[in-house]
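These notes are meant for a reader who is opening the structure for the first time. They go through it in numbered points.

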Amino acid sequence: MEWPVSDGLRGVRGPRRVVVVGGGLAGHTAAATLRAEGYDGGLTVLGAEPDPPYDRPPLSKELLDGTTDDTTLDTDLLDTDLDVDLRLRCRAVRLRPDAVESTGGVHPYDAVVLATGSSPLRLGGTSRAVHALRTVADARRLRAALRDGASVAVVGAGWIGNEVATRAAALDRKVTVIDAAPTPLARALPAAVGERLVPWYAERGIDLRLSTPVTGVDDRGVALADGGRVDADIVVAGIGARPDTDWLRGSGVPLAPDGAVDADATLRTGPGPVYVAGDIVRWPSRLFGGRLRVEHWDHAAASARTAARNVLGRAEPYDPVPYFWSDQLGHRLQYVGHHDGADRLVLRGRPPGSWTALWFRGGRLRAALAVDDPRDVRDARRLIAARRPLSAERAADPAVRLTDAAG
């Protein structure tokens, strides 16, 4: 396909028609940033859901436990002052060089921002409804089920699964968490870190089943690979999500094997004026020396702001220190940076007090997971961003502040 580039994208006058595909935090932030930066052309936001843009983190927290019922984002794109054409129940089905085709019609553009987020992975071999937690409608359905059901089986001891289990246990439900891995959060954390979380489940009255694959779900509950089962009134799948990008196949936009969109350092992708933000983007990080993909709130907002400014010709590089947090099982977990199996793990402090996991490479800090220690995560974020050398031996001593262990 031949993708035209408007005069605006050559820095002359700015694009006159921008389409943002995705009605979540990233899409909302991209649209709001365009207007805040002075863009006064046509602006359309396509949202697949029936609800206006809302915040997702409260879905597994305040909305699930009933302390709030509305997580609509503060800057409502329905506000006439922003002059945004917000199309709800409008799912994109094809990207063309000059327009986005959706279930609601054809939407011409000079530039487009892709921010379609992720879709939850589903359990196979099921013969009954299984709850997922991705949308506000999902959260409300699960909240209603928790009012009536006495027992809950959560498949997946990941971030979302643990948050759901925490809320269900607080409602005095009988909760079982099942995972095929030998430790919790195994896709995100090494065993030496994950095993420190194991006692938390019993402390909250949760039955944790590790190294226990699930073979299916039936009317009684969950069937296990070892021939056992967990009977439950409610079954929740928390086994991860995949980028919602199947609609981009054949468009010329490059997709990674996991479905993520490969972008350059300015979050531009494909052969035309196409930018990408949020869960679906995989970008080259000079800070960490490879391509990264992140599925958390902070990145969704930050990448959308960068993508929007670059639509207007700024050419800003995107290379943040990733950050996210989670309240689960009675503890606040905060993570900064990026680590992989080649990094050296150093544990700082020990349960039952606060503690931090640190990952090093070549004398520099790459990532940190702080448990109930906000100062450690603040210091780690500064050190990673500044690329300051850090003594792993001194950093392992919880009596030494991380910044004091830096070179």
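1. Terms for strands and sheets. Two strands are taken to pair if DSSP finds at least two bridges between them. Helices (H or I, at least four residues) and strands (E, at least two) are DSSP runs, numbered from the N terminus.

2. Basis of the model. This is a predicted model, in which local features need pLDDT of at least 70 and side-chain atom pairs count only at pLDDT 80 or more, while totals for chains, interfaces and linings use all residues. Residues are numbered from 1 along each chain as its sequence is written, and side-chain values use heavy atoms, with hydrogens and water left out.

3. Confidence. pLDDT is the predictor's confidence in each residue, on a scale from 0 to 100. The protein has a mean pLDDT of 93, and 94% of its residues reach 70 or more. Residues 1–12 have a pLDDT below 50; in the model this stretch makes 28 contacts beyond near neighbours in sequence. Contact here means heavy atoms within 4.5 Å.

4. The six-stranded sheet. Six strands form an open sheet with mixed pairing, in the order β3-β2-β1-β7-β19-β18. Strands β3 (85–87) and β18 (268–269) are at the edges with a single partner strand each, so one side of each has no neighbour in the sheet. Inside the sheet, β7 (residues 111–114) and β19 (residues 274–276) run parallel and are joined by three bridges. Which residue of β19 is the bridge partner of Val112? The partner is Val274.

5. Helix α1 (residues 25–36) lies across β1 (17–21), β2 (42–46) and β7, and runs at about 170 degrees to β2. For such angles, axes are lines fitted to C-alpha atoms, for helices over the stretch in contact, and the angles run from 0 to 180 degrees between N-to-C directions.

6. The three-stranded sheet. Another open sheet has three strands in the order β4-β5-β6, with antiparallel pairing. Its edge strands, β4 (92–95) and β6 (105–108), each pair on one side only. From one strand to the next, the twist averages 25 degrees. Strand β5 (residues 99–102) runs antiparallel to β6, and four bridges join the two. Glu101 has Val106 of β6 as its bridge partner.

7. Helix α4. Is this helix buried or exposed? Of the 12 residues of α4, 10 are buried, so the helix is largely enclosed by the rest of the structure. Buried means under 20% relative accessible area, exposed over 50%, and partly exposed in between (1.4 Å probe, protein chains only). The buried residues of α4 include Trp159, Glu163 and Arg167. After α4 comes Asp172, with a positive phi near 65 degrees.

8. Two buried residues. Ser151 is in strand β9 (residues 151–155) and is buried, with a relative accessible area of 11%. A polar atom of the Ser151 side chain lies 3.0 Å from the backbone nitrogen of Asp233. A polar contact is a pair of N or O atoms within 3.5 Å; within protein, one must be able to donate a hydrogen and the other to accept it, and residues adjacent in sequence count only if both atoms are side-chain atoms. Leaving out residues up to four places away in sequence, Ser151 touches Lys174, Asp231, Ala232, Asp233 and Ile234. Thr135, in the loop between β8 (118–120) and α3 (136–148), also counts as buried, at 18% relative accessibility.

9. Backbone points to check. Pro351 and Pro352 are joined by a cis peptide bond, with omega about 10 degrees. Pro352 is in the loop between β24 (344–348) and β25 (355–361). Ala315, a residue other than glycine, has a positive phi near 60 degrees; Ala315 lies in the loop between α7 and β22 (323–328) and is exposed, with a relative accessible area of 53%. Asp372 has a positive phi near 60 degrees. Its loop runs between β26 (364–371) and α8 (374–386), and Asp372 is partly exposed, at 35% relative accessible area.
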